[in-house]
Amino acid sequence: MVARGLLTFKTTPSIVATGVTAGPLEKKSPFVSQFDKVYDDERCGLKTNEHAHAKMIEDACMIALSKVDSIPSDADFLLIGDLVNQMTPSNFSATTLGIPYVGLFSACATSVSSLVMAALLTEAGMSTCAVAGAASQHNAIERQFRYPVEYGAQKPETAQWTVTAAGVATVTPYKKGFPSITCATIGCATDLGMTDPLNMGAAMAPAAADTLTRHLAGHGTKASDYDCIMTGDLGKTGFELYKILIGNTGVDVKENFRDAGAEFYSDNPVFLSGASGAGCSAAVFFTEIIEKMKAGDYKRVLLIATGALLSPMSFQQGDTIPCIAHAVELTMK
Amino acid sequence: MDEKKYAQLEQQTSPKTPLLRNVIFAFLTGGTICLIGQFIALFYMTFFDFTERTASNPTVATMVFFSMLLTGFGQYKKIGQLGGAGSAVPITGFGNAVISAAIEHKSEGYVLGVGGNMFKLAGAVILFGVFSAFVVALIKTILVKFGVISW
Amino acid sequence: MISIFITSFIVGGLICVVGQLLFDVAKLTPAHTLCILVVTGSVLDGFGLYEPLIDFAGAGATIPITSFGNALTHGAMAEAEKHGLIGVLTGMFEVTSSGISSAILFGFIAALIFKSEGKI
Amino acid sequence: MKKLEGMHIRKLGLAIVVLVMLTGCSENGIRIHNDSSENARKAEEVFIKDKDLTAVVTVFHDKDLLTGVTLKTFSRFKKEKIEKELKKKLEELYPELDITVSADGKIWMEANKLINSDHEKDLGEKIDKLKLLLKEET
């Protein structure tokens, strides 16, 4: 049976390895000990931010592959994305890696959308080893979407800090002892007329709420069935709004609701509302969540990555911010 | 949920802009920058042949120089986060806009990058400054011609 | 003369408060705010009000961006006073602001020696 | 060590200059230096009557009359007007002299320096230089 946007994976592809790299500022994150590689230089010793961005993706992919004793030529697909114009960092890392590559863009929701694509390819029997993930680099993204990094603009408390991180996962057919992808929901682009690019959490919250509602209804589950329902990068402001929206639909909002953006820099006030960026959800999902699943703390989790689909041009032309949220359900059998 | 209701909910939930705090910090930051400017003007008046009026040019240039150092060493954005308009409105903020864009676009080369993007943020200020100067001077000249006002 | 330090602090601070209100109450971007202030300075000079403010507050009036509008208008009007209507045009090409030239100069020097860093 | 000491002295000197400027400026008073044949009393009376002024320094030298004044805080708004009016009054009193009146801090400082230094020979030159300075536009 085909249901709109709802996917169920009968073969339950597994995430057998993850690779997460992060920049120097991410040492302030409580998750830092779980990251595979943390650079001391935000440009990774390279000339430009964009080169560093590509290098981060490359290293994350190499780490994710090396954990299953593979090399890039063993991988069938590379499904990654970032936020820079035309995703050049992903493209450059794909050139270096030499894996058949599809660039994906769902803004900050790319971590889940790429994971879903990898699961689909695996389910169809077309892939035995797919690398999926997303990345962002603070300097490269800031200069594109907002102001030059050194520009002294006052950010409101709702503003989020784009993380410098890349997170990728190696997806293979079902393997015992690893978290596996059982089902997913592709979100609808939602736009409730928010226009403030310094309050992206508020813009993304309705999309996350919508996708969660659809996932629960479509797959016939309850929020309490999950050990953890983690959203991508709503930040503190967006997370509050999202919980209210979800509460309004009659779902019991309990402690199993978490947000990667709000937790990424814990309560450090200099990061204002929290973290954002494609790398934020990818880095937390592929460390904290996967580790907890492997350790047996979490049996069943729902990951909802959210993305604001704006461009600097659409904002300057006075358009609203359309948002997207994709959900993927992982279980530990 | 429709757009209006959500906008309302968003207004209620999002943290309020601390207006009073922002205004006070803007006043203190802006005031301090101007006070430093006054000391520099005094310096130029005391040690060089500048009058109060002519000292403003080297003072402005010196303030932009300070702005360059603060921007280059990554301090101006911290002042900006604290002071808001207090650091954006003085000429140092204009300098910061030009200098930060120049540093940022260095990676695209000195001609296309630095040259082409230096006035990305500050260009609008120059445009409206020059245009409004033209309009104001034109209007005043015409009014003087018709004897409505005098210089 | 000690009073000029006090007046420069207060007047400079107040101009910035106007900017902050434009940020927070009118919800304008920094670029819009600065443009409005520059035009304000230029119009004030048209009414002959900005120069007295400079006499009163010194750097408190010359350091905020409003003085940039004032300087340009003042240059254009000085030419217009001498040469009439054509002076408005010729004046426009003569007026300069030390703010722009120093920002260009130091901006380029900064690009030569500094790199941007996304640190906090 | 000597270099260090020199720096300290220079710094101290600078601090003193600033302090003197800050305190010295606020004191009321009229200083007149007269080495011309004119009677300075008439000018003094004008200065005393003018309520906008806080301090005056005046140098009479040959055919020159240089006056630097400091104004009350809120009178500074009318700086140009006050300068013009004062100049007019002085011109009526001393039609023979070339009169320069300024409320600019630089003139006030320099006029004070002229009186403090006893070099009378290049007084005229220095006054001419100040007049030139005033003519400069921003």
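This is a predicted model: local features need pLDDT of at least 70, side-chain atom pairs count only at pLDDT 80 or more; totals for chains, interfaces and linings use all residues.
Student: Where is S113(A) found?
Tutor: In chain A, in helix α3, which spans residues 110–123.

Student: Is S113(A) buried or exposed?
Tutor: Buried. Its relative accessibility is 6%, and the cut-off for buried is under 20%.

Student: What does S113(A) touch?
Tutor: Leaving out residues up to four places away in sequence, it touches L104(A), S106(A) and H326(A).

Student: And which backbone oxygen lies 3.3 Å from a polar atom of its side chain?
Tutor: That of T110(A).

Student: OK, helix packing. At what angle do α3(A) and α8(A) pack?
Tutor: About 60°, with the axes 8 Å apart. Helix α8(A) covers residues 278–294. The angle makes α3(A) oblique to α8(A).

Student: Which residues make the contact?
Tutor: From α3(A), S111(A), V112(A) and L115(A). From α8(A), S281(A), A282(A), F285(A) and F286(A).

Student: How many of those are nonpolar, polar or charged?
Tutor: Five are nonpolar, two are polar and none is charged.

Student: Switching to chain B. Which residues of α4(B) are buried?
Tutor: Y76(B), K77(B), G80(B) and G83(B), in a helix that runs over residues 76–83. They cover an arc of only 140° around the axis, so they sit on the same side of α4(B).

Student: What covers them?
Tutor: The cover includes α2 (19–47), α3 (56–72), α5 (85–88) and α6 (91–104) of chain B. Helix α1 (2–24) of chain C is also included.

Student: What comes just after α4(B)?
Tutor: G84(B), with a positive phi of about 55°.

Technical notes
Residues are numbered from 1 along each chain as its sequence is written. Chains are lettered from A and ligands numbered from 1 in the order in which they are written. Side-chain values use heavy atoms; hydrogens and water are left out. Helices (H or I, at least four residues) and strands (E, at least two) are DSSP runs, numbered from the N terminus. Buried means under 20% relative accessible area, exposed over 50%, partly exposed in between (1.4 Å probe, protein chains only). A polar contact is a pair of N or O atoms within 3.5 Å; within protein, one must be able to donate a hydrogen and the other to accept it, and residues adjacent in sequence count only if both atoms are side-chain atoms. Contact means heavy atoms within 4.5 Å. The arc is that of the directions from the helix axis to the C-beta atoms. Axes are lines fitted to C-alpha atoms, for helices over the stretch in contact, and angles run from 0 to 180 degrees between N-to-C directions. Angles under 35 degrees count as roughly parallel, over 145 as roughly antiparallel, 65 to 115 as roughly perpendicular and the rest as oblique. Ala, Val, Leu, Ile, Met, Phe, Trp, Tyr, Cys and Pro count as nonpolar, Asp, Glu, Lys and Arg as charged, and the others, Gly among them, as polar.
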